[in-house]
Amino acid sequence: MTDQNAFLNDMLRTLRLTEDQFEAYINDMRTYRDKFVAHLDLDEIMQIPRLRVARQSVAYLHDYLLSHEDDDGFFPEAPSRAERFYQLYANEAKGVYTE
């Protein structure tokens, strides 16, 4: 990122989270990954984090990269908005799942 502070501050504002809340979310995702996805630990209760924040932060990153960091056109076929891309493949996945 050319301006990491601007990126982080704008992303947090978009997500409506403080930096501490975002860090706590990241820690929850890491715990889930480390204890139940990458390794099956002996914990008996799985806490699956909600994916809304993950999806929104990835969408923000996608949109930010295209609008602020892609001066050389490295992503010519990327959709202009992540939400459009997500909806396209979410609809495809629903169709495959229901077959």
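Helix H3 gives the most residues to the lining of the largest pocket, 5 in number. The model is predicted: local features need pLDDT of at least 70, side-chain atom pairs count only at pLDDT 80 or more, and totals for chains, interfaces and linings use all residues. Residues are numbered from 1 along each chain as its sequence is written, and side-chain values use heavy atoms, without hydrogens and water.

A pocket here is an open set of points on a 1 Å grid over the protein atoms alone, where a 1.4 Å probe fits, with protein on both sides within 12 Å along at least five of seven lines; lining residues have an atom within 4 Å of a point. The volume of the largest pocket is about 210 Å³. Its lining includes Thr14, Arg55, Tyr60 and Glu83. Helices are DSSP runs (H or I, at least four residues), numbered from the N terminus.

Asp63, another lining residue, is in helix H3. Leaving out residues up to four places away in sequence, Asp63 touches Ser80, Arg81 and Ala82 (heavy atoms within 4.5 Å).

The buried residues of helix H2 are Phe22, Tyr25 and Phe36. They are on the same side of H2 because they cover an arc of only 100° around the axis. What covers them includes H1 and H3.

Notes:
Grid points are joined across faces, edges and corners, and a volume is the space filled by probe spheres set on the points. Helices (H or I, at least four residues) and strands (E, at least two) are DSSP runs, numbered from the N terminus. Buried means under 20% relative accessible area, exposed over 50%, partly exposed in between (1.4 Å probe, protein chains only). The arc is that of the directions from the helix axis to the C-beta atoms.
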